[in-house]
Amino acid sequence: MGYIMKRALITGITGQDGAYLTELLLSKKYEVHGIIRRASSFNTGRIDHIYQDPHEAKVNLFLHYGDLTDATGLLRILNEVKPHEVYNLGAQSHVRVSFDQPEYTADVVAMGTLRILEAIRDHQQFTGNEVRFYQACSSEMFGASPPPQDENTPFYPRSPYAVGKVAGFHFTRNYREAYGMFNVNGILFNHESPKRGETFVTRKITRALSRIKLGLQDYLYLGNLDAKRDWGYAGDYVEAMWLMLQQDKPEDYVVATGETWSVRDFLIEAATYLELDWEAVVKLDERFLRPTEVRELLGDASKAKNNLGWEPKVSFKELVGMMAEHDLELARQEKTLTDAGHNFTQLGRGE
Ligand code: NAP
Ligand code: F7E
């Protein structure tokens with residue numbers, strides 16, 4: 001029998017995880033299709049290095065305009081692409097912003113998941129093609145449930161974002177049970193990288209401390225330094241997503257490092273790497289506090305280790321070093337351009 005090239009469809013391909021997953025799937029010889037949102041400025045910065053000109057002869061990355069709030073568009077893309085695997089990574093993924101935009105966040109995170117599941121159900125029914133579905137769930141669903149958290153820990157969401165993800169989890173499981181669909185929920189704990197959005201705390205810290213080091217910024221304004229998170233490396237975590245869809249049975253998995261560190265610990269580690277006195281430059285801004293906070297997350301990923309053979313490779317210290325080094329280089333480039341008269345007005349913002 002001839003070799004069949006697998007096709008994957010990714011929502012959220014322009015995000016941190018979308019970029020790493022695309023690299024992984026292309027390296028495994030998949031044909032990758034991604035859904036991008038129309039925006040007034042370019043939003044493909046994280047995948048530009050792997051995007052190929054469609055005019056070239058051999059292309060295996062394709063982008064389609066679409067949105068998780070647009071059901072007919074999702075169905076049209078599915079019917080066109082006929083994917084073997086769908087990874088639903090698209091989301092308004094910022095927890096604090098979800099308090100400002102709760103209805104929109106729920107629409108994308110909860111209803112968006114339902115819309116894509118419905119589109120897959122229709123597509124499967126009318127074409128007979130089996131589609132394997134990965135849902136990007138989150139440790140935020142555990143919220144106020146005390147650590148350690150695993151697949152059996154009760155959900156206690158603490159933000160509109162987390163409530164939306166709990167709904168997405170249940171839609172995904174219900175469609176598996178009701179229609180026999182190959183659906184998995186990946187419950188991933190925080191994962192970071194040099195591609196992390198600049199308003200999440202880790203990247204905000206490495207970006208700001210690097211700029212402070214080079215005299216491009218004076219202070220770093222933050223909220224709660226006591227919150228504890230189980231921080232891993234995004235490049236490791238997309239491997240787990242792929243592995244979940246290669247199993248014989250669809251099941252839900254926690255993906256985590258099994259270590260927890262506070263925001264203050266991250267600050268100290270980054271400042272040590274950059275040889276800075278963080279206490280002299282960090283100030284509290286109450287705007288960055290959340291109406292309800294998640295105090296401590298610490299995942300137990302034993303099931304992923306036993307069933308998938310998955311384990312994290314990058315340590316906390318290596319992760320902080322990798323991000324600080326990357327952002328120091330960005331700051332150096334910015335300084336060169338600033339010295340030459342260029343004006344970077346939007347930097348220094350953050351949620
Ligand atoms: P991210 O960097 O914020 O990327 C989110 C992606 O979703 C972007 O491509 C974004 O497009 C897209 N998107 C936003 N609204 C959309 C809409 N209405 N329709 C279609 N696409 C939309 O997030 P990430 O860190 O890569 O995370 C990937 C997924 O895993 C998300 O669902 C997130 O909630 C979840 N998650 C993340 C973590 C983590 O620690 N990173 C942990 C657990 C779960 P634009 O580029 O156009 O904005
Ligand atoms: O906050 C505290 C903040 O925004 C981490 C998303 O990917 O991971 C992410 O959600 C902690 C919180 O990530 C600032 O209060 C202090 O306790 O980096 P974060 P998050 O809320 O954990 C989960 C797993 C997801 O699913 C989400 O999509 O840091 N913190 N000061 C701050 N956080 C931010 N953003 N900015 C501050 O100034």
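**View 1. The residues around ligand 1.** In this predicted model, 25 residues lie around ligand 1, and those that come nearest are Thr-14, Asp-17, Asp-67, Ser-93 and Tyr-161. When the residues of this shell are sorted by class, 10 are nonpolar, 10 are polar and five are charged.

View 2. Ser-93, which is one of the residues that come nearest to the ligand, has an N or O atom in its side chain 2.7 Å from an oxygen atom of ligand 1. The side chain of Asn-43 also places an N or O atom beside an oxygen atom of ligand 1, here at 3.3 Å.

View 3. Two or more residues of the shell around ligand 1 are given by each of the elements α1 (16-27), α4 (102-127), β5 (132-138) and α5 (160-179). Strand β5 provides the largest share of this shell, namely three residues.

View 4. Pro-148 has its place in the loop that runs between β5 and α5, and the peptide bond joining Pro-147 to Pro-148 is cis, with an omega of about -5 degrees.

**View 5. Lys-29 in the loop between α1 and β2.** Lys-29 is found in the loop between α1 and β2 (31-36), where the phi angle of this residue is near 70 degrees, a positive value in a residue other than glycine.

**View 6. The meeting of domain 1 and domain 2.** The domain assignment divides the protein into domain 1 (7-194 + 231-255) and domain 2 (201-226 + 260-297 + 315-339), and the C-alpha centres of these two domains lie 28 Å apart. Where the domains meet, 19 residues of domain 1 are in contact with 22 residues of domain 2. The area buried between them is about 1,800 Å², and carbon and sulfur atoms give 68% of it. On the side of domain 1, the residues that lose the most area to domain 2 are Arg-158, Pro-194 and Trp-231, which together account for 42% of what that side buries.

Note on methods:
Residues are numbered from 1 along each chain as its sequence is written. Chains are lettered from A and ligands numbered from 1 in the order in which they are written. This is a predicted model: local features need pLDDT of at least 70, side-chain atom pairs count only at pLDDT 80 or more; totals for chains, interfaces and linings use all residues. Side-chain values use heavy atoms; hydrogens and water are left out. A residue is near a molecule or strand if one of its heavy atoms lies within 4 Å of it. A polar contact is a pair of N or O atoms within 3.5 Å; within protein, one must be able to donate a hydrogen and the other to accept it, and residues adjacent in sequence count only if both atoms are side-chain atoms. Helices (H or I, at least four residues) and strands (E, at least two) are DSSP runs, numbered from the N terminus. Ala, Val, Leu, Ile, Met, Phe, Trp, Tyr, Cys and Pro count as nonpolar, Asp, Glu, Lys and Arg as charged, and the others, Gly among them, as polar. Domain bounds come from an automatic or database domain assignment. Contact means heavy atoms within 4.5 Å. Buried area is the accessible area (1.4 Å probe) that two parts lose on being put together, summed over both.
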